Amino acid sequence: MVAYKVPGILAAVDAARAAKMPANAIIDAMGDGMTEVGVLFERGRLFLPHVLSAAAGMTKAMEVLEPEMKAAGGEAQAKKASVVMGTVEGDVHDIGKSICSTMLQCAGFDVHDLGRDVPKQAFIDECKNGCTMCGMSALMTTTMTVQKDVIEMLKAEGIRDKVVVMVGGAPVTQAYADKIGADIYGESASETTSKVKDL
Ligand code: B12
């Protein structure tokens, strides 16, 4: 990931698969790599085109790994709760959110992934249409406030107590999740999945 070239990322994924590394472990490792890319970017050692290239490599690798994860995890199980997932309005960072969605799907949840830059009302509409869990990702200090707005909208609609709200993304913390009244904070996709399963 830190070498940021798409063919190199795909070759590394192929090598890991050939060595029988499970798809979820490969995805976790790529997530760690992407976080390291972020650190190098912040230190001025990598620049935006490098970050974009690493992100493109990860997206392409996910296309290869997703079917494998689904085949290994979800198929035989009955569907669990319906979960709406999305990156909030004004924010296009969707890598971490997509990893969470994939892992939840593989754990048997019926995931409605609305993508990125999702209007606030779209989360509410999904909750009114049967989703009992609402996951919002925000990667910027300027967009994490939208998570709070959506919680307030759920209250205004009178459905807050019927929906489990989970929040995540790099700037989000457990303290922030508590402050805005979210039910679950997930630091990583695997932590999120195990908390959701417990609930
Ligand atoms: C990759 C990246 C991009 C890519 C995004 C590609 C994509 N398709 O996602 C591109 C190049 C497009 C991009 C654009 C921008 N970016 Co950017 N980007 C990053 C970077 C380097 C890595 C993010 C990432 O993918 N991490 C890896 C994933 C696996 O981790 P994660 O997202 O945290 O997800 C994990 C957990 O948080 C959790 N999780 C995530 N979501 C959810 C949701 C729920 C419900 C739960 C429970 C858990 C959970 O589980 C995930 C998996 O384990 C970060 C740096 C950083 N430190 O985060 C900057 C960063 C987020 N970007 C930043 C900025 C400023 C921008 C731009 C505004 C740049 C610009 N000037 O144009 C634009 C944003 C435009 C917009 N409106 O959104 C800043 C934000 C600063 C701030 N204000 O807070 C950062 C912090 C970099 C920096 N230090 O300046 N970026």
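Which protein residue is the donor to the cobalt atom of the ligand? The single donor from the protein is His93, through NE2, 2.2 Å away. Donors here are N, O and S atoms within 2.8 Å of the metal (3.2 Å for Na, K and Ca), and water is not among the atoms, so sites may look incomplete.

This is a predicted model, in which local features need pLDDT of at least 70 and side-chain atom pairs count only at pLDDT 80 or more, while totals for chains, interfaces and linings use all residues. Residues are numbered from 1 along each chain as its sequence is written, and side-chain values use heavy atoms, with hydrogens and water left out.

**Ligand shell**

Histidine 93 sits in the loop that runs between strand 1 (82–87) and helix 4 (95–106). Helices (H or I, at least four residues) and strands (E, at least two) are DSSP runs, numbered from the N terminus. The ligand is surrounded by 36 residues, the closest being Val92, His93, Asp94, Ser137 and Thr141; a residue is near a molecule if one of its heavy atoms lies within 4 Å of it.

| Residue | Protein atom | Ligand atom | Distance |
|---|---|---|---|
| Isoleucine 95 | backbone N or O | oxygen | 3.4 Å |
| Serine 137 | polar side-chain atom | nitrogen | 2.7 Å |
| Alanine 189 | backbone N or O | oxygen | 3.0 Å |

**Pockets**

The ligand takes up the space of the largest pocket. A molecule sits in a pocket if more than half of its atoms lie within 2 Å of its grid points. A pocket is an open set of points on a 1 Å grid over the protein atoms alone, where a 1.4 Å probe fits, with protein on both sides within 12 Å along at least five of seven lines; lining residues have an atom within 4 Å of a point.

The volume of the largest pocket is about 1,400 Å³, a volume being the space filled by probe spheres set on the points. Its lining has 43 residues, with Met34, Thr35, Gly96, Leu139 and Ala170 nearest the centre. Helix 2 provides the largest share of this lining, eleven residues. By class, the lining of the largest pocket comprises 22 nonpolar, 14 polar and seven charged residues. Ala, Val, Leu, Ile, Met, Phe, Trp, Tyr, Cys and Pro count as nonpolar, Asp, Glu, Lys and Arg as charged, and the others, Gly among them, as polar.

The second largest pocket holds about 160 Å³ of space. Helix 1 (6–18) gives the most to its lining, five residues.

Conventions: Polar contact = N/O pair within 3.5 Å; in protein donor to acceptor, adjacent residues only side chain to side chain.
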